[in-house]
Amino acid sequence: MDERNESAGLRVDPITLAHENWSAAGWGDVADGMALVTSIMRVQQLMLARVEAVLRPFELTFARFEVLMLLHFSGRGSMPVGKIGERLQVHPASVTNAVQRLAAAGLVERTTNPDDGRSVLAAITPAGRDLALDAAEALNRDVFADVGVDAGDRVTLFGHLADWRAAHGDFLS
């Protein structure tokens with residue numbers, strides 16, 4: 001049986017099938033949790049693909065866009081690389097790589113932190129600010145304005161996800 005529909009993806013929700021298989025295997029008491037976690041992970045993949053497609057013409061990844069926007073919104077337009085990692089909740093090596101690539105593109109300048117000579121300070125350049133704002137405009141228009149959830153449900157869903165994140169130690173509530 002062909003489970004593909006070329007214009008609409010799969011004909012059957014594979015997570016629903018996984019839920020049925022989980023239940024049939026004797027794990028029905030946790031099948032709903034498995035389906036929820038798997039669904040959230042799949043939604044993350046779909047959203048990231050959509051965001052990356054919008055950012056591709058700007059030659060940005062979402063990680064690099066986040067660094068630029070964090071620097072844009074910072075009071076001085078600069079921040080220690082370690083602090084960027086904390087704020088974006090990513091591994092220091094990932095931030096270092098993103099900042100190096102942004103610096104190579106002329107979007108960020110890297111300097112020794114004058115307050116702590118052992119750390120690196122990243123500062124957004126005028127070109128980086130312009131690109132970040134152009135990319136943000138495209139994301140606002142092509143992704144954030146219509147995320148596929150009714151407007152009234154967005155705040156509720158965000159609240160549920162924030163509660164879940166807080167319960168799992170993502171931040172202090």
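This is a short tour of the structure, stop by stop, with something to select at each one.

**Before you start**

You are looking at a predicted model, where local features need pLDDT of at least 70, side-chain atom pairs count only at pLDDT 80 or more, and totals for chains, interfaces and linings use all residues. Residues are numbered from 1 along each chain as its sequence is written, and side-chain values use heavy atoms, with hydrogens and water left out. Helices (H or I, at least four residues) and strands (E, at least two) are DSSP runs, numbered from the N terminus.

**Stop 1: the core**

Select Leu60, Phe65, Val67, Leu68, Leu71, Ile84 and Val99. In the largest nonpolar core, which has 29 residues, these touch the most other members. The elements that give two or more residues to this core are helix 1, helix 2, helix 3 (81–88), helix 4 (92–104), strand 5 (120–124) and helix 5 (126–144). Helix 5 gives the most, with seven residues. A nonpolar core here is a set of buried Ala, Val, Leu, Ile, Met, Phe, Trp, Tyr and Cys residues joined through side-chain atoms within 4.5 Å. Buried means under 20% relative accessible area, exposed over 50%, and partly exposed in between (1.4 Å probe, protein chains only).

Now pick Ile84. Leaving out residues up to four places away in sequence, Ile84 touches Val67, Leu70, Leu71, Met79, Val95, Val99 and Ala122. Contact means heavy atoms within 4.5 Å.

**Stop 2: His72**

Go to helix 2 (residues 62–73) and find His72. Is His72 buried or exposed? His72 counts as buried, because its relative accessibility is 19%. Not counting residues up to four places away in sequence, His72 touches Ile124, Arg129 and Leu133.

**Stop 3: salt bridges**

Side chains of opposite charge can pair when their charged atoms come close. A salt bridge is a side-chain nitrogen of Lys or Arg within 4 Å of a carboxyl oxygen of Asp or Glu. The whole structure has four salt bridges; here are some to select.

- Glu86 and Lys83 meet at 3.6 Å, N to O. They are three residues apart in helix 3, so about one helical turn separates them. Glu86 is exposed at 55% relative accessibility, while Lys83 is partly exposed at 33%.
- Arg141 and Asp142 have their closest N and O atoms 3.0 Å apart. Arg141 is exposed, with a relative accessible area of 52%; Asp142 is partly exposed, with 34%.
- Arg165 and Asp170 have their closest N and O atoms 2.7 Å apart. Arg165 is partly exposed at 36%, and so is Asp170 at 30%.

**Stop 4**

Select residues 151–167, which make up helix 6. How far apart are the end C-alpha atoms of helix 6? They are 25 Å apart, which agrees with the 24 Å that its 17 residues should span at 1.5 Å a residue. The expected span is 1.5 Å times one less than the number of residues. Just after helix 6, look at Gly169, which takes a positive phi of about 80 degrees.

Finally, select Leu36, Val37, Ile40, Met41, Leu157, Leu161 and Trp164. Together they form a nonpolar patch on the surface with about 570 Å² of accessible area. Helix 1 (14–55) and helix 6 each give two or more residues to this patch, and helix 1 has the largest share, four residues. Leu161 lies in helix 6 and counts as partly exposed because its relative accessibility is 31%. Patches are made of residues with over 30% relative accessible area and no salt bridge, with like charges joined within 9 Å and nonpolar side chains (Val, Leu, Ile, Met, Phe, Trp, Tyr) within 5 Å. Accessible areas come from the Shrake-Rupley method with a 1.4 Å probe, and for residues only the protein chains shown count as cover.
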